[in-house]
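Then turn to the charged side chains.

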Amino acid sequence: IPSSVKYIGAQPNLDYHFTATNGVYYLGDCLIRVTSNAGTTINVKSNTRVIADYAFADASQVTSVKLPNTVKYVGLYAMPGMKAVNIPSSLITVGDKAFSCNQYSITSLPSSVTYIGDDAFSGYEYDRSTIQSLSLSSKITYFGECSFRWLNINDITIGNGIKTIPPAAFYGVSKLKNISLPQSLETIGRS
C-alpha cells in the first residue's frame, strides 16, 4: 500500500480510515504493517487493540516494540525476532508464532491471556529468550504445541482447570527450578 493512500473504502457504514506514520500503518485500531523504513524502535499507538498477522514481517530492522495496555490480540507471526517487547496486561490472544525467535526477557504473562498458539513464544536452541516465571492461569482455554520451546524459564505454574499439556510445549526448556502441575491435569504430550 503506497504511503499516499489515506482512506480505504469498505461496505456502506463500515468505512475505515487508514493512517500511516513513519512506516507504521494502521487501519482503525489495528496495526496492520510495519515497513523497513520505520526505524528500530516502535511505540504502538495507545488505542491499538490488534497487531495483525505478519505485521512486522517486512521490518527486520525493528528490535524493540512498546505495546500499549489496549492490545488484546497479537496475530500469527506478528512480531518475530524482537530483542525487547513488553507483554501488555490487556492481552487475551497470542497467535501461532506471534513472539517466536525473539531475544526478549519478560518476567511473566498476564492473567488476562486465554489463548496461546503453537510456537507462540518458542526460541532457538542456542539463542534463548527468557521468561523468568511462567504462570498459565486457569482462564487459558488453549496453549499450543511447542509454545514455550527452547526458552529459559525458572518457574512454571499451570493453573487448575488446564487438562492437557500439548506435545513439546516445554521442549528444550532450560534453567527450570520449579514446576507446579494442577490436579485437573489429565494428559501430558510427548517430548
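Four strands make an open sheet, ordered β11-β13-β15-β17, with parallel pairing. Strands are DSSP runs of E, at least two residues long, numbered from the N terminus. Two strands pair if DSSP finds at least two bridges between them. β11 and β17 (178-180) stand at the edges with a single partner strand each, so one side of each has no neighbour in the sheet.

The model is predicted: local features need pLDDT of at least 70, side-chain atom pairs count only at pLDDT 80 or more, and totals for chains, interfaces and linings use all residues. Residues are numbered from 1 along each chain as its sequence is written, and side-chain values use heavy atoms, leaving out hydrogens and water.

Now the strand contacts. β11 (residues 105-106) joins β13 (residues 130-136) over two bridges, in the parallel sense. Serine 105 has threonine 130 as its bridge partner. Isoleucine 106 stands opposite isoleucine 131. β13 also pairs with β15 (residues 152-158), parallel, over six bridges. There, serine 133 faces aspartate 155.

Next, charge. The whole structure holds three salt bridges (a side-chain nitrogen of Lys or Arg within 4 Å of a carboxyl oxygen of Asp or Glu). One joins aspartate 119 and arginine 149 at 2.6 Å, N to O. Aspartate 119 lies in the loop between β12 (115-116) and β13, arginine 149 in the loop between β14 (142-143) and β15, so the pair ties together parts 30 residues apart in sequence. Aspartate 119 is buried, at 12% relative accessible area; arginine 149 is partly exposed, at 25%. Buried means under 20%, exposed over 50%, partly exposed in between (1.4 Å probe, protein chains only).
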